[in-house]
Amino acid sequence: MRSWSVPEVPALPGRGPRVHLHDTATGGLVPVGPEAGTATLYVCGITPYDATHLGHANTYVAFDLLGRAWRDAGLDVRYVQNVTDVDDPLLERAAATGVDWRDLAESQVELFRGDMEALSVVPPQRYLGVVEAVDLVAEAVRDLLAAGAAYRVPGTDGGPDGDVYFPVDADAAFGTVGGYDLETMLALSAERGGDPQRPGKRNPLDPLLWRVERPGEPAWEAGELGRGRPGWHIECTAIALEHLGMPIDVQAGGSDLVFPHHEMGAAHAHLLRPRARPFARAYAHSGMVALDGEKMSKSKGNLVLVSKLVAAGVPAAVVRLAIVAHHWRTDWEWTDEVLAQAQARHERWSAAVAAPAGPAAEALLATVRERLADDLDAPGAVAAVDAWVEQARTTAGTDAQAPDLVRRTVSALLGVVLP
Ligand code: ZN
(Lines give C-alpha, C1' and ligand atoms only; values in the text may rest on other atoms or scores of the structure.)
Protein backbone atom coordinates (compact mmCIF):
# COMPACT_ATOMS: atom_id res chain seq x y z
CA MET A 1 0.00 0.00 0.00
CA ARG A 2 1.23 3.49 -0.80
CA SER A 3 2.33 5.41 2.30
CA TRP A 4 2.91 9.17 2.17
CA SER A 5 5.65 11.57 1.18
CA VAL A 6 8.87 11.90 3.17
CA PRO A 7 9.26 15.26 4.94
CA GLU A 8 12.50 17.16 4.68
CA VAL A 9 14.72 16.34 7.68
CA PRO A 10 17.56 18.90 7.91
CA ALA A 11 21.08 17.70 8.64
CA LEU A 12 22.59 18.52 12.06
CA PRO A 13 26.21 18.65 13.14
CA GLY A 14 27.39 15.72 15.30
CA ARG A 15 25.28 12.88 16.65
CA GLY A 16 22.72 12.25 19.33
CA PRO A 17 23.23 9.78 22.22
CA ARG A 18 21.77 6.28 22.46
CA VAL A 19 18.02 6.38 22.95
CA HIS A 20 16.38 5.02 26.09
CA LEU A 21 12.68 4.32 26.29
CA HIS A 22 10.17 3.23 28.92
CA ASP A 23 9.36 -0.45 28.30
CA THR A 24 5.85 -1.53 29.30
CA ALA A 25 6.92 -5.14 29.95
CA THR A 26 9.68 -4.37 32.45
CA GLY A 27 8.25 -1.07 33.65
CA GLY A 28 11.64 0.59 33.38
CA LEU A 29 13.86 2.61 31.08
CA VAL A 30 15.82 0.48 28.60
CA PRO A 31 18.25 1.29 25.78
CA VAL A 32 16.44 0.74 22.48
CA GLY A 33 18.01 -0.01 19.13
CA PRO A 34 21.53 -1.29 18.57
CA GLU A 35 24.62 0.83 19.20
CA ALA A 36 25.22 0.83 15.46
CA GLY A 37 23.42 -0.52 12.42
CA THR A 38 19.68 -0.83 11.91
CA ALA A 39 16.93 -0.33 14.47
CA THR A 40 13.55 -1.95 13.82
CA LEU A 41 10.18 -0.49 14.70
CA TYR A 42 6.67 -1.81 14.28
CA VAL A 43 3.80 0.55 15.07
CA CYS A 44 0.28 -0.80 14.82
CA GLY A 45 -1.76 1.07 12.24
CA ILE A 46 -5.31 2.26 12.07
CA THR A 47 -8.54 0.41 11.40
CA PRO A 48 -9.82 2.73 8.68
CA TYR A 49 -13.55 2.89 9.37
CA ASP A 50 -13.92 6.45 10.60
CA ALA A 51 -12.01 9.69 10.60
CA THR A 52 -8.49 9.57 12.02
CA HIS A 53 -8.27 11.93 14.96
CA LEU A 54 -5.83 13.68 17.24
CA GLY A 55 -5.41 10.56 19.37
CA HIS A 56 -3.96 8.77 16.34
CA ALA A 57 -1.80 11.77 15.50
CA ASN A 58 -0.46 11.69 19.08
CA THR A 59 0.63 8.05 18.70
CA TYR A 60 2.31 8.36 15.31
CA VAL A 61 4.04 11.61 16.25
CA ALA A 62 5.38 9.94 19.42
CA PHE A 63 7.05 7.14 17.49
CA ASP A 64 8.13 9.57 14.79
CA LEU A 65 10.18 11.22 17.55
CA LEU A 66 11.77 7.83 18.19
CA GLY A 67 12.66 7.32 14.52
CA ARG A 68 14.13 10.82 14.35
CA ALA A 69 16.20 10.29 17.52
CA TRP A 70 17.48 6.95 16.20
CA ARG A 71 18.52 8.46 12.86
CA ASP A 72 20.16 11.36 14.67
CA ALA A 73 22.13 8.78 16.69
CA GLY A 74 23.49 7.41 13.43
CA LEU A 75 21.21 4.39 13.06
CA ASP A 76 19.28 3.26 10.03
CA VAL A 77 15.63 2.75 10.86
CA ARG A 78 13.48 0.00 9.46
CA TYR A 79 9.88 0.89 10.18
CA VAL A 80 6.77 -1.11 9.35
CA GLN A 81 3.14 -0.16 9.92
CA ASN A 82 -0.01 -2.08 9.02
CA VAL A 83 -3.55 -1.04 8.17
CA THR A 84 -6.29 -3.26 9.56
CA ASP A 85 -8.34 -2.91 6.40
CA VAL A 86 -10.49 -5.98 7.07
CA ASP A 87 -12.06 -6.23 10.51
CA ASP A 88 -15.46 -6.30 12.21
CA PRO A 89 -15.81 -2.56 12.95
CA LEU A 90 -14.94 -1.66 9.36
CA LEU A 91 -17.38 -4.20 7.90
CA GLU A 92 -20.11 -3.14 10.33
CA ARG A 93 -19.67 0.52 9.46
CA ALA A 94 -19.64 -0.22 5.75
CA ALA A 95 -22.85 -2.26 6.04
CA ALA A 96 -24.54 0.42 8.17
CA THR A 97 -23.72 3.21 5.71
CA GLY A 98 -24.18 1.25 2.49
CA VAL A 99 -20.61 1.91 1.39
CA ASP A 100 -18.37 -0.82 -0.02
CA TRP A 101 -15.90 -1.77 2.75
CA ARG A 102 -12.97 -1.34 0.35
CA ASP A 103 -14.04 2.20 -0.58
CA LEU A 104 -14.59 3.10 3.08
CA ALA A 105 -11.11 1.83 3.99
CA GLU A 106 -9.41 3.59 1.10
CA SER A 107 -11.10 6.92 1.80
CA GLN A 108 -10.11 6.79 5.48
CA VAL A 109 -6.54 5.71 4.74
CA GLU A 110 -6.29 8.65 2.35
CA LEU A 111 -7.38 11.04 5.13
CA PHE A 112 -4.80 9.46 7.42
CA ARG A 113 -2.05 9.93 4.83
CA GLY A 114 -3.01 13.60 4.57
CA ASP A 115 -2.78 14.03 8.35
CA MET A 116 0.60 12.29 8.55
CA GLU A 117 1.98 14.35 5.70
CA ALA A 118 0.71 17.59 7.23
CA LEU A 119 2.28 16.66 10.57
CA SER A 120 5.68 15.88 8.96
CA VAL A 121 5.64 12.26 10.13
CA VAL A 122 8.36 10.24 8.40
CA PRO A 123 6.52 7.37 6.68
CA PRO A 124 7.23 3.67 7.27
CA GLN A 125 9.20 1.87 4.56
CA ARG A 126 6.50 -0.79 4.52
CA TYR A 127 2.90 0.30 4.84
CA LEU A 128 0.84 -2.82 4.48
CA GLY A 129 -2.88 -3.51 4.44
CA VAL A 130 -4.09 -6.84 5.77
CA VAL A 131 -5.78 -7.38 2.41
CA GLU A 132 -2.28 -7.40 0.91
CA ALA A 133 -0.97 -9.73 3.60
CA VAL A 134 -3.74 -12.36 3.80
CA ASP A 135 -1.52 -15.13 2.37
CA LEU A 136 1.20 -14.30 4.86
CA VAL A 137 -1.26 -14.38 7.76
CA ALA A 138 -2.88 -17.62 6.59
CA GLU A 139 0.55 -19.24 6.39
CA ALA A 140 1.28 -18.18 9.98
CA VAL A 141 -2.04 -19.67 11.14
CA ARG A 142 -1.28 -22.94 9.33
CA ASP A 143 2.18 -22.98 10.96
CA LEU A 144 0.59 -22.55 14.40
CA LEU A 145 -1.85 -25.39 13.68
CA ALA A 146 1.04 -27.62 12.56
CA ALA A 147 2.93 -26.75 15.74
CA GLY A 148 -0.07 -27.66 17.90
CA ALA A 149 -0.45 -24.02 18.89
CA ALA A 150 -3.90 -23.48 17.39
CA TYR A 151 -7.23 -25.30 17.49
CA ARG A 152 -10.61 -25.22 15.83
CA VAL A 153 -13.84 -24.32 17.54
CA PRO A 154 -17.32 -25.63 16.61
CA GLY A 155 -19.83 -23.17 15.22
CA THR A 156 -22.19 -21.35 17.57
CA ASP A 157 -25.40 -19.39 16.92
CA GLY A 158 -25.76 -21.05 13.53
CA GLY A 159 -22.24 -20.09 12.51
CA PRO A 160 -20.00 -22.53 10.67
CA ASP A 161 -17.49 -24.86 12.33
CA GLY A 162 -13.80 -24.27 12.03
CA ASP A 163 -12.88 -20.85 13.41
CA VAL A 164 -9.28 -21.19 14.54
CA TYR A 165 -8.17 -19.98 17.98
CA PHE A 166 -4.85 -19.61 19.74
CA PRO A 167 -4.35 -21.28 23.15
CA VAL A 168 -2.76 -18.58 25.32
CA ASP A 169 -1.56 -21.24 27.74
CA ALA A 170 0.84 -22.49 25.04
CA ASP A 171 3.13 -19.51 25.65
CA ALA A 172 4.94 -19.59 28.98
CA ALA A 173 5.56 -15.84 28.66
CA PHE A 174 1.88 -15.02 28.15
CA GLY A 175 0.86 -12.10 30.35
CA THR A 176 4.30 -10.57 30.66
CA VAL A 177 3.82 -7.70 28.19
CA GLY A 178 1.03 -6.01 30.12
CA GLY A 179 1.47 -7.70 33.50
CA TYR A 180 -2.29 -7.63 34.14
CA ASP A 181 -4.13 -9.99 36.46
CA LEU A 182 -6.65 -12.45 35.07
CA GLU A 183 -9.69 -10.38 35.99
CA THR A 184 -8.33 -7.33 34.18
CA MET A 185 -7.38 -9.39 31.14
CA LEU A 186 -10.89 -10.83 30.92
CA ALA A 187 -12.45 -7.38 31.16
CA LEU A 188 -10.11 -5.87 28.58
CA SER A 189 -10.61 -8.81 26.24
CA ALA A 190 -14.39 -8.30 26.28
CA GLU A 191 -13.98 -4.55 25.83
CA ARG A 192 -11.41 -4.63 23.03
CA GLY A 193 -12.55 -7.03 20.37
CA GLY A 194 -12.10 -10.37 22.16
CA ASP A 195 -14.86 -12.95 22.75
CA PRO A 196 -14.30 -14.42 26.25
CA GLN A 197 -17.91 -15.70 26.30
CA ARG A 198 -17.62 -17.80 23.15
CA PRO A 199 -18.35 -21.47 23.94
CA GLY A 200 -15.88 -24.14 22.90
CA LYS A 201 -12.69 -22.26 23.69
CA ARG A 202 -10.07 -23.81 25.95
CA ASN A 203 -9.43 -20.55 27.76
CA PRO A 204 -11.82 -17.57 27.62
CA LEU A 205 -8.85 -15.36 26.71
CA ASP A 206 -7.88 -17.39 23.61
CA PRO A 207 -7.95 -15.02 20.61
CA LEU A 208 -9.24 -15.68 17.11
CA LEU A 209 -6.65 -16.52 14.47
CA TRP A 210 -8.85 -17.30 11.47
CA ARG A 211 -12.56 -16.70 10.98
CA VAL A 212 -14.14 -18.99 8.43
CA GLU A 213 -16.38 -17.40 5.85
CA ARG A 214 -19.82 -16.04 6.78
CA PRO A 215 -22.36 -15.05 4.15
CA GLY A 216 -21.81 -11.49 2.97
CA GLU A 217 -18.34 -11.15 4.49
CA PRO A 218 -15.11 -10.89 2.51
CA ALA A 219 -13.13 -14.15 2.50
CA TRP A 220 -9.97 -15.57 0.98
CA GLU A 221 -8.90 -19.09 0.03
CA ALA A 222 -6.44 -20.39 2.60
CA GLY A 223 -5.84 -24.08 1.94
CA GLU A 224 -6.67 -26.30 4.88
CA LEU A 225 -8.03 -23.31 6.85
CA GLY A 226 -10.86 -22.96 4.37
CA ARG A 227 -12.11 -19.66 3.00
CA GLY A 228 -12.10 -16.95 5.62
CA ARG A 229 -10.31 -13.92 6.99
CA PRO A 230 -7.59 -13.22 9.54
CA GLY A 231 -7.99 -12.41 13.21
CA TRP A 232 -6.61 -9.10 14.39
CA HIS A 233 -3.47 -9.92 16.41
CA ILE A 234 -1.96 -12.53 14.10
CA GLU A 235 -2.02 -10.04 11.24
CA CYS A 236 0.53 -7.77 12.95
CA THR A 237 2.69 -10.69 14.06
CA ALA A 238 2.84 -12.17 10.56
CA ILE A 239 3.65 -8.81 8.96
CA ALA A 240 6.30 -7.97 11.58
CA LEU A 241 8.03 -11.34 11.30
CA GLU A 242 8.07 -11.18 7.51
CA HIS A 243 9.28 -7.60 7.15
CA LEU A 244 11.35 -7.00 10.30
CA GLY A 245 12.39 -10.40 11.64
CA MET A 246 12.58 -11.19 15.35
CA PRO A 247 13.23 -9.87 17.86
CA ILE A 248 12.17 -6.41 16.77
CA ASP A 249 13.63 -3.52 18.74
CA VAL A 250 10.38 -1.76 19.57
CA GLN A 251 6.76 -2.83 19.21
CA ALA A 252 4.65 0.27 19.66
CA GLY A 253 1.13 1.62 19.70
CA GLY A 254 -1.41 3.43 21.84
CA SER A 255 -1.82 2.31 25.46
CA ASP A 256 -5.17 0.71 24.57
CA LEU A 257 -3.20 -1.89 22.57
CA VAL A 258 -1.22 -3.32 25.51
CA PHE A 259 -3.91 -5.92 26.08
CA PRO A 260 -5.05 -7.94 24.28
CA HIS A 261 -3.38 -6.83 21.05
CA HIS A 262 0.31 -6.69 21.94
CA GLU A 263 0.10 -9.47 24.52
CA MET A 264 -1.44 -11.80 21.91
CA GLY A 265 0.85 -10.65 19.11
CA ALA A 266 3.89 -11.49 21.23
CA ALA A 267 2.47 -14.88 22.24
CA HIS A 268 1.81 -15.77 18.57
CA ALA A 269 5.39 -14.84 17.67
CA HIS A 270 6.83 -16.85 20.57
CA LEU A 271 5.15 -19.99 19.20
CA LEU A 272 5.99 -19.23 15.57
CA ARG A 273 9.68 -18.56 16.24
CA PRO A 274 10.46 -20.14 19.63
CA ARG A 275 14.20 -19.87 19.21
CA ALA A 276 14.15 -16.17 18.37
CA ARG A 277 12.26 -15.07 21.53
CA PRO A 278 11.29 -12.48 22.60
CA PHE A 279 9.06 -10.98 19.94
CA ALA A 280 10.21 -7.47 20.86
CA ARG A 281 13.02 -6.15 23.03
CA ALA A 282 10.79 -3.33 24.21
CA TYR A 283 7.08 -2.51 24.15
CA ALA A 284 6.21 1.18 23.99
CA HIS A 285 2.76 2.64 24.57
CA SER A 286 1.64 6.21 24.03
CA GLY A 287 -0.95 8.00 26.13
CA MET A 288 -4.53 8.77 25.16
CA VAL A 289 -5.86 12.19 24.23
CA ALA A 290 -9.12 13.27 25.84
CA LEU A 291 -11.69 15.89 24.95
CA ASP A 292 -14.11 17.27 27.53
CA GLY A 293 -12.80 14.81 30.10
CA GLU A 294 -13.31 11.69 27.98
CA LYS A 295 -10.84 9.64 25.96
CA MET A 296 -11.14 10.62 22.31
CA SER A 297 -12.58 7.67 20.45
CA LYS A 298 -14.62 6.85 17.41
CA SER A 299 -17.25 5.07 19.42
CA LYS A 300 -17.82 8.12 21.65
CA GLY A 301 -17.80 10.51 18.71
CA ASN A 302 -15.80 13.17 20.59
CA LEU A 303 -13.13 13.62 17.96
CA VAL A 304 -10.80 16.47 17.10
CA LEU A 305 -9.58 15.96 13.54
CA VAL A 306 -6.22 17.18 12.34
CA SER A 307 -7.68 17.67 8.86
CA LYS A 308 -10.44 19.92 10.24
CA LEU A 309 -8.01 22.01 12.30
CA VAL A 310 -5.82 22.49 9.23
CA ALA A 311 -8.84 23.30 7.05
CA ALA A 312 -9.84 25.90 9.67
CA GLY A 313 -6.47 27.62 9.17
CA VAL A 314 -4.41 26.17 12.04
CA PRO A 315 -0.91 25.46 10.69
CA ALA A 316 -0.13 21.73 11.02
CA ALA A 317 3.18 22.68 12.67
CA VAL A 318 1.15 24.25 15.50
CA VAL A 319 -0.79 21.00 15.97
CA ARG A 320 2.47 19.07 16.06
CA LEU A 321 3.91 21.53 18.59
CA ALA A 322 0.80 21.10 20.76
CA ILE A 323 1.35 17.33 20.67
CA VAL A 324 5.07 17.34 21.47
CA ALA A 325 4.50 19.75 24.37
CA HIS A 326 3.01 16.69 26.15
CA HIS A 327 5.06 13.70 27.21
CA TRP A 328 4.29 10.77 24.91
CA ARG A 329 3.33 8.41 27.72
CA THR A 330 0.93 10.71 29.55
CA ASP A 331 -2.78 10.99 28.93
CA TRP A 332 -3.71 14.58 28.18
CA GLU A 333 -6.63 16.68 27.15
CA TRP A 334 -7.07 18.72 24.01
CA THR A 335 -8.45 22.16 24.91
CA ASP A 336 -8.63 25.60 23.30
CA GLU A 337 -5.97 26.62 25.80
CA VAL A 338 -3.58 23.89 24.54
CA LEU A 339 -4.07 25.11 20.99
CA ALA A 340 -3.63 28.78 21.95
CA GLN A 341 -0.41 27.99 23.83
CA ALA A 342 1.00 26.11 20.86
CA GLN A 343 0.04 28.94 18.54
CA ALA A 344 1.76 31.54 20.73
CA ARG A 345 4.85 29.35 21.13
CA HIS A 346 5.07 28.77 17.38
CA GLU A 347 4.95 32.53 16.82
CA ARG A 348 7.69 33.20 19.42
CA TRP A 349 9.94 30.48 18.01
CA SER A 350 9.35 31.63 14.41
CA ALA A 351 10.26 35.22 15.29
CA ALA A 352 13.45 34.13 17.07
CA VAL A 353 14.73 31.98 14.18
CA ALA A 354 13.91 34.74 11.68
CA ALA A 355 16.35 37.13 13.43
CA PRO A 356 19.71 37.80 11.73
CA ALA A 357 21.60 36.59 14.83
CA GLY A 358 20.99 35.09 18.26
CA PRO A 359 22.68 33.54 21.29
CA ALA A 360 24.93 30.56 20.53
CA ALA A 361 22.82 27.42 20.03
CA GLU A 362 25.24 24.46 20.20
CA ALA A 363 24.35 23.86 23.85
CA LEU A 364 20.65 23.93 22.96
CA LEU A 365 21.17 21.25 20.31
CA ALA A 366 22.97 19.08 22.88
CA THR A 367 20.17 19.56 25.40
CA VAL A 368 17.41 18.75 22.92
CA ARG A 369 19.28 15.57 21.95
CA GLU A 370 19.85 14.60 25.55
CA ARG A 371 16.17 15.20 26.47
CA LEU A 372 14.86 13.14 23.55
CA ALA A 373 17.28 10.28 24.21
CA ASP A 374 15.86 10.15 27.75
CA ASP A 375 12.49 8.48 27.11
CA LEU A 376 11.57 10.95 24.34
CA ASP A 377 11.22 13.85 26.76
CA ALA A 378 9.86 16.23 24.13
CA PRO A 379 8.39 18.61 26.75
CA GLY A 380 11.92 18.93 28.18
CA ALA A 381 13.24 19.68 24.70
CA VAL A 382 10.46 22.24 24.14
CA ALA A 383 11.36 23.92 27.44
CA ALA A 384 15.00 24.16 26.34
CA VAL A 385 13.98 25.81 23.07
CA ASP A 386 11.69 28.17 25.02
CA ALA A 387 14.68 29.16 27.17
CA TRP A 388 16.86 29.88 24.12
CA VAL A 389 14.04 31.89 22.50
CA GLU A 390 13.61 33.91 25.70
CA GLN A 391 17.34 34.56 25.84
CA ALA A 392 17.26 35.64 22.18
CA ARG A 393 14.44 38.05 22.97
CA THR A 394 16.12 39.67 25.97
CA THR A 395 19.79 39.73 24.97
CA ALA A 396 21.53 40.87 21.82
CA GLY A 397 22.94 37.58 20.54
CA THR A 398 25.70 37.91 17.96
CA ASP A 399 25.90 34.37 16.56
CA ALA A 400 24.72 34.68 12.95
CA GLN A 401 24.53 30.88 12.55
CA ALA A 402 22.43 30.31 15.67
CA PRO A 403 18.90 31.05 14.39
CA ASP A 404 19.31 28.63 11.50
CA LEU A 405 20.78 25.94 13.78
CA VAL A 406 17.75 26.27 16.07
CA ARG A 407 15.39 26.10 13.10
CA ARG A 408 17.10 22.91 11.89
CA THR A 409 17.21 21.39 15.40
CA VAL A 410 13.49 21.95 15.92
CA SER A 411 12.65 20.64 12.47
CA ALA A 412 14.94 17.57 12.48
CA LEU A 413 14.37 16.37 16.04
CA LEU A 414 10.89 17.61 17.02
CA GLY A 415 9.48 17.58 13.50
CA VAL A 416 8.14 21.11 14.00
CA VAL A 417 8.62 23.22 10.88
CA LEU A 418 9.24 26.92 11.46
CA PRO A 419 8.77 29.38 8.60
ZN1 ZN B 1 -0.95 -4.43 15.61
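Which residues does W334 touch, not counting residues up to four places away in sequence? I put this question to the structure at the start. The model is predicted, and I keep that in mind throughout.

**Entry 1: W334**

I listed the contacts of W334. W334 touches L54, V289, A290, L291, M296, V304, L309, A322 and L339, leaving out residues up to four places away in sequence. I then looked for W334 in the nonpolar cores. W334 is among the residues with the most contacts inside the largest one, together with L54, W70 and V250. That core has 79 residues.

**Entry 2: where the core sits**

Which helix gives the largest share of this core? I found helix 1, residues 54-72, with 10 residues. I next checked the domains. Domain 1 (20-291) and domain 2 (304-414) both give residues to this core, so the core lies between them.

I looked up how the protein chain is divided. The parts are domain 1 (20-291) and domain 2 (304-414). How far apart do the C-alpha centres of domain 1 and domain 2 lie? I read 33 Å. The contact takes 32 residues from domain 1 and 27 residues from domain 2.

I then took the buried area. Between domain 1 and domain 2 it is about 2700 Å². Carbon and sulfur atoms give 64% of that area. On the domain 1 side I picked out L54, L65 and L119. They supply 23% of the area that domain 1 buries against domain 2, more than any other three residues. L54 is also among the residues with the most contacts inside the largest core.

**Entry 3: charges**

How many salt bridges does the rule find across the interface of domain 1 and domain 2? I found 2. I also looked at D72 and R369. Their side chains meet in a salt bridge, at 2.7 Å from N to O.

Strand 12 (residues 289-291) and strand 13 run antiparallel, joined by 2 bridges. Within that pair, I saw L291 opposite E294 in strand 13.

Notes
Residues are numbered from 1 along each chain as its sequence is written. This is a predicted model: local features need pLDDT of at least 70, side-chain atom pairs count only at pLDDT 80 or more; totals for chains, interfaces and linings use all residues. Side-chain values use heavy atoms; hydrogens and water are left out. A nonpolar core is a set of buried Ala, Val, Leu, Ile, Met, Phe, Trp, Tyr and Cys residues joined through side-chain atoms within 4.5 Å. Buried means under 20% relative accessible area, exposed over 50%, partly exposed in between (1.4 Å probe, protein chains only). Helices (H or I, at least four residues) and strands (E, at least two) are DSSP runs, numbered from the N terminus. Domain bounds come from an automatic or database domain assignment. Contact means heavy atoms within 4.5 Å. Two strands pair if DSSP finds at least two bridges between them. Buried area is the accessible area (1.4 Å probe) that two parts lose on being put together, summed over both. A salt bridge is a side-chain nitrogen of Lys or Arg within 4 Å of a carboxyl oxygen of Asp or Glu.
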